[in-house]
Amino acid sequence: MAQLNTMSACLPTNFAFHSKKSGLSFCHGSVASQGRLSFQELGARKSELQGNAFAVLSTNGGVTRARNQVIKAALPSYSETEVAGSANKRGLRGKLNKVVLAYSGGLDTSVIVPWLRENYGCEVVCFTADVGQGIKELDGLEQKAKASGACQLVVRDLKEEFVKDYIFPCLRAGAVYERKYLLGTSMARPVIAKAMVDVAKAVGADAVAHGCTGKGNDQVRFELTFFALDPTLNVVAPWREWDITGREDAIEYAKKHNVPVPVTKKSIYSRDGNLWHLSHEGDILEDPENEPNKDMYMLTVDPEDAPDKPEYVDIGIVQGIPVSVNGQELSPASLLTKLNEIGGKHGIGRIDMVENRLVGMKSRGVYETPGGTILFAAARELESLTLDRESVQFKDQLALQYAELVYAGRWFDPLRRSLDKFMEEISATTTGSVTLKLYKGSITVTSRKSPYSLYRQDISSFENGDIYDQADAGGFIRLYGLPMRVRAMLENQNKTKDEDKEGI
């Protein structure tokens with residue numbers, strides 16, 4: 001394990017990666033190999049590392065294989081002397097040793113890094129999760145983290161885990177919040193927070209931090225996950241503590257602490273993107289009377305500008321989980337990526353809604369969920385074949401509760417887990433395929449089939465058959481309508497009594 005000898009100063013234990021196939025070894029803070037690799041070079045070798053690299057934790061000579069998640073880069077940004085000096089000082093608000101920060105590279109999180117060091121005298125490990133937000137969101141993170149004063153940058157590719165373990169269970173459950181919202185951000189926060197807890201354990205951090213405001217839902221989603229997975233971690237929420245009130249204050253703080261301002265032009269919208277959706281909030285959207293601008297949308301074309309020719313897409317589903325598109329089996333993330341491309345060009349999946357936030361206020365948001373909208377249409381349609389009436393109705397009732405739990409950040413709540421077991425069981429026969437026609441923002445079901453279909457053409461046909469005797473319907477109707485007949489008889493009886501009294 002000679003490659004583990006050179007470590008970043010901010011690591012309490014040896015923590016490195018080694019690729020058997022490539023011979024490449026690299027660690028959080030330094031690269032021990034034939035030569036040093038830059039962040040860009042590591043990114044270029046991502047495809048080689050994935051599937052071959054594994055995390056190694058070495059404590060007192062012991063080696064433990066960590067989860068099959070590749071940390072693409074973790075690099076130092078300041079000297080060992082600076083690290084030691086920061087770690088030995090008490091901050092303005094207290095003392096923490098090391099904090100893992102949910103990091104995007106934007107203005108807010110870039111400012112949070114020096115603020116944490118100043119106020120808690122701690123080292124800061126920046127953590128970024130790739131949940132499909134796009135390569136542009138990940139570009140230049142190393143330089144930004146180093147410039148802000150972080151001791152490490154950790155980037156993890158969580159796309160497959162996100163789709164397989166979070167999106168698809170919600171899809172199987174039919175979870176929709178307040179009739180419209182397909183829970184894109186709600187599902188992403190727990191997978192990110194879970195990864196932060198894993199990283200905190202790996203690097204020996206005693207705290208985690210996020211850049212969520214005190215008005216939104218995300219602060220709840222992050223912190224409930226932290227509580228559920230490691231209640232010993234301290235949680236720092238700068239937006240609930242500091243004196244920074246807006247963008248200008250943040251820029252001023254950044255200049256004061258020699259942190260380069262990462263952006264020069266502010267987007268008029270607040271956006272959150274991942275492999276499932278892209279949300280838009282703010283600016284003219286804050287007035288629910290305003291129609292969104294056409295140029296706001298980024299994942300979907302305007303339905304008016306979509307192709308004049310419809311496109312048919314076939315979705316294969318096994319036990320409530322999508323497995324193929326047009327007969328081609330794909331991994332969860334690849335399947336969703338493909339449907340996003342198909343749906344986006346036909347203007348599928350635009351939702352404009354006013355929702356009730358968990359913290360009490362209403363907010364207006366516009367969501368683009370092209371692939372997700374296609375999958376929801378397919379899954380619901382297949383259930384129309386495979387579930388009976390009572391099962392559909394009860395499942396829909398529980399789906400509302402499931403959606404509420406996910407929206408409220410209670411992903412790791414025992415109730416959500418229990419509901420998921422029910423959804424898994426009731427979807428055991430939801431296997432088959434559905435063909436959809438996509439045309440200028442609309443989805444039309446054209447075909448559905450399942451080996452477990454409860455639909456019987458010989459029974460449903462208007463022609464007489466051996467199983468269903470139409471004459472039996474008369475007796476059924478009389479029994480089914482008996483309560484209505486009894487009530488009507490009672491009302492008529494009371495009416496007659498009243499008329500007799502009036503006659504007297």
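T128 stands opposite V155 in β7. The model in which this pair is found is predicted. Strand β6, residues 123-130, runs parallel to β7, and 6 bridges join the two.

**The sheet**

Strands β6 and β7 belong to an open sheet of 5 strands, paired in parallel and ordered β7-β6-β5-β8-β9. The edges of the sheet are β7 (152-157) and β9 (234-236), each of which pairs on one side only. From one strand to the next, the twist averages 25°. Helix α8, made of residues 184-203, lies across β5 (98-102), β6, β7 and β8 (207-209). The direction of helix α8 is at about 155° to that of β5.

**Aromatic rings**

A pair of aromatic rings is described by the distance of the centres and the angle of the planes. The count of aromatic pairs comes to 11. For F222 and F226, the ring centres are 6.2 Å apart and the planes meet at 35°; the pair is therefore tilted, since stacked pairs have planes under 30 degrees apart and edge-to-face pairs have planes over 60 degrees apart. Both residues lie in helix α9 (residues 218-229), where they are 4 residues apart, about one turn of the helix. F222 has a relative accessible area of 5% and is buried. F226 is buried as well, with a relative accessible area of 1%. Elsewhere, one aromatic cluster is formed by W115, Y120, W239 and W242.

**Charges over rings**

Two arginines are placed over aromatic rings, as follows.

| Arginine | Ring | Distance from the ring centre |
|---|---|---|
| R221 | Y407 | 4.9 Å |
| R416 | W411 | 3.8 Å |

R221 lies over the face of Y407. In the case of R416, the charged end sits over the ring of W411.

**Positive phi in loops**

Q319 is a residue other than glycine with a positive phi, near 50°. The loop that holds Q319 is between β12 (311-318) and β13 (321-325). The relative accessibility of Q319 is 44%, so Q319 counts as partly exposed. N326 is not a glycine either, and its phi is positive, at about 55°. N326 is found in the loop between β13 and β14 (328-329). With a relative accessible area of 42%, N326 is partly exposed.

H280 has its place in strand β11, which consists of residues 278-281. Its relative accessibility is 0%, and H280 therefore counts as buried, the limit for this being under 20% relative accessible area. The side chain of H280 makes a polar contact, at 2.9 Å, with the side chain of R271. With neighbours within four places in sequence left aside, H280 is in contact with S270, R271, L285, M296, Y297, M298, R364, G365, V366 and E368.

Methods
Residues numbered from 1 in each chain as written. Predicted model: local features only at pLDDT ≥ 70, side-chain atom pairs only at ≥ 80, totals over all residues. Heavy atoms only, no water. Pairing = 2+ DSSP bridges. Axes fitted to C-alpha atoms, helices over the stretch in contact; angles between N-to-C directions. Contact = heavy atoms within 4.5 Å. Phe/Tyr/Trp six-rings, centres within 6.5 Å; stacked < 30°, edge-to-face > 60°. Buried < 20%, exposed > 50% of the residue type's maximum accessible area, 1.4 Å probe, protein only. Lys NZ or Arg CZ within 6 Å of the ring centre and 35° of its normal. Polar contact = N/O pair within 3.5 Å; in protein donor to acceptor, adjacent residues only side chain to side chain.
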